[in-house]
Structures are given as C-alpha cells and as structure tokens.
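The exercises below are meant to be worked through with the sequence and the model side by side. Try each task before reading its solution.

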Amino acid sequence: SLRISVCSLALSIKRLPFLRISLRTSSCITELWHPTLLVIPAWGPRESLSLPWNPFGMGRAVLRNCRRFLPSLGQPSGSRWLMLESSIFLATPSHTMIRCWTPQPCLVLFPLGMDGMVERLALIYTSPWPRGNASLPAMEMTKWFDTNYHYIVPELGPDVNFSYASHKAVDEYKEAKALGIDTIPVLVGPFSYLLLSKPAKGIEKSFSLLSLIGKILPIYREVVTELKAAGASWIQFDEPTLVKDLDAHQLQAFTYAYTELESSLSGLNVLIETYFADVPADTYKTLVSLKGVTGYGFDLVRGTKTLDLIKGVFPPGKILFAGVVDGRNIWANNLASSLSTLQALEGIVGKDKLVVSTSSSLLHTAVDLVNETKLDNEIKSWLAFAAQKIVEVNALAKALSGHKDEAFFSANAAAQSSRKSSPRVTNDAVQKAATALKGSAHRRATNVSARLDAQQKKLNLPILPTTTIGSFPQTADLRRVRREFKANKISEEEYVKAIKEEINKVVQLQEELDIDVLVHGEPEVRGMTWLKYFGEQLSGFAFTVNGWVQSYGSRCVKPPIIYGDVSRPKPMTVFWSSIAQSLTKRPMKGMLTGPVTILNWSFVRDDQPRFETCYQIALAIKDEVEDLEKAGISVIQIDEAALREGLPLRKSEEAFYLNWAVHSFRITNSGVQDTTQIHTHMCYSNFNDIIHSIIDMDADVITIENSRSDEKLLSVFREGVKYGAGIGPGVYDIHSPRIPPTEEIADRINKMLAVLESNILWVNPDCGLKTRKYTEVKPALTNVVAAAKLIRSQL
Ligand code: GLN
Ligand code: ZN
C-alpha cells in the first residue's frame, strides 16, 4: 500500500539534519540535496586549463580538511552532513568546470565574506588551489524559488555537453537500501533543471535554455537505468518550475521531455512533484495528460486553487500525492481539517489512490522540536518541525485508512484551539491599530525633493556625501566582552561601558576618515542578527535554540517565529543611538530593520494573511522611528534587505505583494518631519524590474549593492527612469578583502554621475562592514573619501 509508516525516520532526521526527507510510501524517501542538480555542463575547450591534480582527488582532500575544521565553526556539525552536500560534479576539467564542479561551492566560489565562516573555509580551500584560480569569479548563487535556500545557477550555452557526473542519487538509494529502507530517489526534473539555469554570458537574449532538452535527456536515461538496476521501484521528478508562469512553447518542451523519457521509465512508478504554489490551470491540464506517469504531487497548503483543479479533473487510475502538511512553516497541522480535505480527495481519486504528503521538502523547516529546550510548553504545543510533521503525515494516513489515533487527534485539536484563544496570540490594541491603518496610504506630505532641501538645510552635507551601511568590524575584544556578559562574568554596567567604548572608537575613526554621515557600528548587535536583536525586544516573537534551516553550503539561519500580534513594549535602539549621537556633531544614523525584511526572514503565523503581520511589525517600527526622531536622531536608516525576496512566484500576484510591502515600509516613517532623513538599504542590485515600487517606498536616500553587478543597476536610470531621491549605489564590494584604489572608486563615481544627478548621489560601500577587518576597512574607506573629494573638486 502507498500509505505511510514512518517509525525509523525520526531517528534518521536527527542524524541527517539537512537531508531532505519526506515520506510518501510504505517506508520513506530520501531525496537529493536540491540544488546539486544532477548533471552539470562542461563546456569551453578541455585544453583551456590543464590541471596539475586530479580534481576528484582534490575534492576528497578538501573534504577531509573541511570535516576536520567543521566542528570548530560553531554551526551544527557532523561529517555526514558535509558529505551529503559534497558530491563532486565533474565532467571535464575546463575553466568553467572548475567553477562548476567544486563540491562545496560556498568554500571558494560563493561570494566571500557573507559571513566570517565562509572565508575561514575559503582559506582552507584555497591552499591546494593553484595561485590565481581562487579569484575566478563566482558563479551566481540564487534562492531556490522563494525559500531562503540557495543553489548555484548552471550557465548553459548551445555547445554544452552534459555528462553523467555524480552518481549520488544511485549511491544514496543503495546506501538507504542497505540499511533496510527502500526510498524513492528524487531528481530535479529535466524541465526545471534547464529553466533554473541561465544562458551563458553574452548570449542571454538569443539562447533558449529549453533548446537543450534533447541533449539533457540521455543523462536522465542513464540515471534512471542505473536506479532501476539498483532496485528502485519509484522515482520522483521535482518539477517546481511548473508553478511559475509558463507559455505554450515551454509546456510543449515539458511534454516532449516526459514523452521521450517514457520508454526508459517503463517498469518504474513515476511521480512528478510540484510545490510552493498551485500549478496554473493550463499547466495542470498539460501535466495530468502525460502518459507513463504513476502519480502527481501537489502543494495543497500554498496551492490554494489546486483543490479545485483536482476536483475539476484528475486522471483516473493515477495516484495523488496530497501535500497537506506544510513543509515551509513550523506550525502544527490542523489535523481535523486536513483529514476532511483528504477524505474529499479520496472521493475524487479513489481509495488506495491517495498518498498523504508534506507540501514540499522539509528542508525549509526546522528539524526537531525535541531539541527546543527554551520554548515553553504552550508555544511548543502549537508547533511541528520536520520530525513532528512526519508523525502528522503518518497519523493522517492512518486515520484515512480507518486507524485514527484518537488521542493524537484530540491533543492536536486542543492545541489548535489554545492557539486560537490564547491572549499571547491576540492583542486587541494591536489588532485595532492595524485595522485603523487601512484608510491611509501613509505618504509623507511633502515630496522628496522638497524634503531633501529641508534636510540639507539642517544637515549641511557636502555634495556626494559619504556614509557607510551600518556595521563595523567585529574585534576579538568585542567578542570577549559579549561572551563574558552572556556568561554573567561581567556586569551589565561593564558591558554597556565596553560597548560605549567601541562606539566611541568607531565614531572617532569615521571622524578621522572625514565621513559625512556616521554610523555607530552596531556593536550591540554583532554576534547576532538585527532580526534577533529586534525580535527579542518585540512581543509576538519566539526564538528557537536549534531551529536551524540551511541557507547554503554550511550556512544556516535560525528564523524567529512570529506567533502573535506584534508590538513594541519599549524603545529598542534609542539608548545606543543617542549615546552615539552624543559623541559627535556629525549626523549619526539611527539603524533599524524594516518590517518586510523582518517578515520575510521569519517563520510567519499562518492564522492571518502575511500582510497583516507585516503591518503590525510596521507599526512597531514606526514607534521606534518616532522615538529616535524625538531623541534628536535626524537620519534614520531602515534596512529592507529582503524586500525582493518576498516576491510571489507568479507575475499576477506581484503587484499585490509589492503594494502592501511598500505600504508597510511607508507606515514606518510617514509620520516624521520633513527634516528627518529616512534612508533605506538593499543588499542586491537586481531591482530593475521593481524600480517603481522602490521609488514608491519614498525613502529620502537608498543605499544599494552595485559593485558586483556590472552596473546592471545603473542601466535602469540610463533607460530614463527618473529618480529624485538620494541614491548611493555601492562603490566597492565589501564581500572581498580587496582594497579598492582611489582611482577605481573615482571612476565608478564618474560612471554613476553619467546617469544620476550629482545632487542626489551618495558615496558608500555596498553593504555593512561586519565581515571585514579594520586593516581592510581603514584603507578602503580612506580611498572612498578621497575619491569623493577628488570628484567634488572636479564638479
Ligand atoms: N545595517 C546592516 C549592516 O550594515 C545592514 C545589513 C544588511 O543589509 N543585511 O550590517
Ligand atoms: Zn546590505
């Protein structure tokens, strides 16, 4: 039977925290670590680089090294974990190959410095690397759909030759089988693989990725054949791209791919899985008319229309994998409601044709609630991490087949109703304030140019003002102080004194460097994230001890859980910002994280729409902004690093999201005086398609990443978009230790001046400096200021 039994699994989840695990059949399914897509391109002439070592061998040596170092890195560790993401993908050694094959692309090839750890690993990694190669440009790393999980984007061209490089899928199938677990191997399907790639540089416009479909299928055939030989009875193809907007031509390619694979797949049960949204109606039609497919998997949590599609038509005899347990969140399932959905579905697809499933991979949720020692029991009763979700899936499947665990179901119902009625969740005042927001668009009364004039009168800044994004380097002293304070070895007074000293140092340094608008350096935040810093001071937030979710490579995040109405009991940053301002006559930026970013980086409640939670956070930040203003802070930066991340997967839903996201940002600052200058900061440069929303945020100044993007950012202004607010496209890449020469920065500024008016241009680095050392920051900022002064003198 396809119903689920799960007993051995909780154990393996604990052991393999980042192996995607989901349960679909009589035992369990191990899945490929997602973005390690199955095949990689090898292109460029084989001779272009002769390698003095065997890359496979080197891969292993590096791995050994990493495993030795991993435990010291302070992340969830375990050799198995690293092994899993370390399959080596290699076809032929060529220049491009090196960028592709590396088993741990994060080690060398990921943008360095996104956190200290990556760099430390990079050091280990670069040692056996011939000089020069370490500076090969990184391949693009991008988010897996709208998750916080990343993959390296394959670059494809017409001459690509695919080869079957990694036998990971087969090896892991065999490994599990040897342990007595029959799994469904999961492959990223050929259609999604190609569409998640990108055309190689220079042929972006002229090359169709799907033209490679015929070339890639033979590799899939090889894998399938090997899996069959190894004894697999099922195979799952993930085709999440199907939830995006697709045209008829693309759908044709999809049908072509699976029709071509049909004969190789015969004898296997084939599951095509989609997730993260519902499949558009046309796509659904194409999908369910495929031949040779045994079953289809759908996300019934985020796919709100899928149920209707299935009710409309579902091919007789096929199996439906019903994703009713949310793989993207940490909330306990409403079992009663899921059970009734499942019963309705069973009525449509037939008995024995329904499989209970998670809505998506469990990679995007935390691992096991059992590891949470600090959450109280009430909150815990509302939650389900990966291990608990599997138990839920199992309980639902059993209930469906007439073996309902009444005790489990009633405990679940009790938890659901306690969550609904808990005063910790609902705060009437917050609800009222959020409802009251609806009548207004929250726009500042004066337009941006007039505001900039008013601010200039007050701030009296030179043309091309210089600033930084917020954080300054972490020092050993600072780390010690924080450690000692955490361990109660020093008193709060001593801690405050030490942080004050650090702020003072940062202020002194910026004055010496002659920077115009200062920052306090964020020493009180370093060692955690702003998200945690705020979350701990806001009501409605909870923090886990071990709720790690993989972001990429060895990098994990621990998203806060927003479980209740959000409010701000007392000021959060005013204390430190006021101290910082008191140390200088220059303007000191207040530093906050915006509501959209807080929302997008958290596990968000599922009992109200996302925008409502966002509005609540916006109200809390608004209070903070206004308190900062009252305390005499006249420049306030509200970072919205993750605004773009929340973009829905389908174009038709973008406008709605952008509208409430941008509105939330405006709520935070529409109440300040004209003379208070609102900055925002964004850590990415691909905002060309959302430029109108960015303008609609109506910030006075935006600082934005720019230096790694071949000035993609500037092209939007070159094409005529009018931007009246202040803008500071980063003049150098803080992700690298390299110190940018003055001339280079000056050159960049000149390029910007070619498209932007000098009276709106700011000069600043790409992002915060927390991952750098003072020995890098001082000379780099010296050159930044020198370049700004040089250009000022030429204007
Ligand atoms: N103010 C933050 C810093 O400088 C910004 C970080 C971010 O944008 N992610 O570190
Ligand atoms: Zn940034």
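**Exercise 1.** Is N488 buried or exposed, and how many other C-beta atoms lie within 10 Å?

Solution. This is a predicted model, in which local features need pLDDT of at least 70, side-chain atom pairs count only at pLDDT 80 or more, and totals for chains, interfaces and linings use all residues. Residues are numbered from 1 along each chain as its sequence is written, while chains are lettered from A and ligands numbered from 1 in the order in which they are written. A residue is buried if 20 or more other C-beta atoms, placed from the backbone, lie within 10 Å of its own, exposed if 12 or fewer, and partly exposed in between. N488 has 8 other C-beta atoms within 10 Å and is therefore exposed.

**Exercise 2.** Compare the setting of N488 with that of D698.

Solution. N488 lies in the loop between α19 (476-486) and α20 (492-513), and D698 in the loop between α26 (691-697) and β22 (701-704). Next, look at the backbone: phi is positive, near 60 degrees, at N488, and phi of D698 is also positive and near 60 degrees. Most residues other than glycine have a negative phi.

**Exercise 3.** Describe how helix α13 (residues 335-349) and helix α15 (residues 386-400) pack.

Solution. First take the axes, which are lines fitted to C-alpha atoms over the stretch in contact, with angles from 0 to 180 degrees between N-to-C directions. The two axes come within 10 Å and cross at roughly 50 degrees. Angles under 35 degrees count as roughly parallel, over 145 as roughly antiparallel, 65 to 115 as roughly perpendicular and the rest as oblique, so α13 and α15 are oblique to each other. Then list the contacts, meaning residues whose C-beta atoms, placed from the backbone, lie within 7 Å: L335, S338, L339, L342 and E346 of α13 meet E392, A395, L396, A399 and L400 of α15.

**Exercise 4.** Which residues does A322 touch, leaving aside those up to four places away in sequence?

Solution. With that exclusion, A322 touches F298, L300, L342, L345, L354, V355, V356 and S357.

How values were computed. Helices (H or I, at least four residues) and strands (E, at least two) are DSSP runs, numbered from the N terminus. Two residues are in contact if their C-beta atoms, placed from the backbone, lie within 7 Å.
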